[in-house]
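This report concerns salt bridges between charged side chains. Look at the sequence and the structure first, then read on.

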Amino acid sequence: MTSPILVTGGTGTLGGHVVPLLQAAGREVRVLSRSARSAADGIEYVTGDLLKGEGIRAAVSGTDTVLHLAGGQKGDDEATRTLVRAAQASGVRHLIYISVIGADRVPLAWMRTKLDSERAVADSGIPWTTLRAAQFHDLALTMVEKMTRLPVLPAPGGLRLQPVDSREVAARLAELTLGDPAGLIPDLAGPRLYDIPALALPYLELRGRRPRPKLRVRIPGKAGRAYRAGENLTPAGAEVGKRTWEEFLAERLR
């Protein structure tokens, strides 16, 4: 009998897609949650807090494989180090981590925590796999919804995004979790590049709203230079998803 797979962030957008795929492959799944939950749909929920370090050793105990999806705007590096220490103590044999494209190239504090998390995983002594993915369509939609409420649409010069469907990322992560440790694998991004106005236009059309006047803005400093140079985009050899932003919107907003 195989041990359960521990999934952190299993109740989030990505986890909501990954967990059923792991179950469909015949694996037991244990989900780490900050609030107490009763077992449901064959999922075991364990309570713990990665930032506080509470309940993590108990959550990892008895698992051979850990899929680390949990993340936020602050503290990802410390949360990952906490998980790594528990995984080391428990004898975990495969640690899988989801990171973000450009973590090693875009000089933002949030990106640095992702890169530090990658390093914690790679230096853990545990066999590991890390996938860097582009911004999800879901997050791009949240951004566009907020921006299009303004009287003018901010249009950062040189900023391009390559949003990817979270279900395609989930399918790749499930495959990696069920496979052997592979180290840092090729990035995964969406099939098309967009600037902010190009993201907003199909959203406004589907909502029956007029296009907004554009306000050109410049992202300052080193981060601005990195974005204008496309450091947040996929390098050569990356994997590319199939589902476009327009297809995602048509389904989500219908």
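The model is predicted. In this model the count of salt bridges comes to 18.

| Salt bridge | N to O distance |
|---|---|
| Asp-104 and Arg-132 | 3.4 Å |
| Asp-116 and Arg-119 | 3.7 Å |
| Arg-172 and Glu-175 | 2.9 Å |

Where do the partners Asp-104 and Arg-132 lie in the chain? Asp-104 and Arg-132 form a salt bridge, and this pair links distant parts of the chain, 28 residues apart. Asp-104 is in the loop between β5 (94–100) and α4 (109–122), while Arg-132 belongs to strand β6, residues 128–133. Asp-104 has a relative accessible area of 41% and is partly exposed. Arg-132 has a relative accessible area of 8%, which is under the 20% cut-off, so Arg-132 is buried.

Asp-116 and Arg-119 are both in helix α4, three residues apart, about one turn of the helix. Asp-116 is partly exposed at 28% relative accessibility, and Arg-119 is partly exposed at 46%.

Arg-172 and Glu-175 are in helix α6, residues 166–178. Because these residues are three apart in the helix, about one helical turn separates Arg-172 from Glu-175. Arg-172 counts as buried, with a relative accessibility of 18%.

Salt bridges can also share partners: in this way Asp-104, Arg-105, Glu-118, Arg-132 and Glu-231 are joined into one network.

Notes
Residues numbered from 1 in each chain as written. Predicted model: local features only at pLDDT ≥ 70, side-chain atom pairs only at ≥ 80, totals over all residues. Heavy atoms only, no water. Salt bridge = Lys/Arg side-chain N within 4 Å of Asp/Glu carboxyl O. Helix = DSSP H or I, 4+ residues; strand = E, 2+ residues; numbered from the N terminus. Buried < 20%, exposed > 50% of the residue type's maximum accessible area, 1.4 Å probe, protein only.
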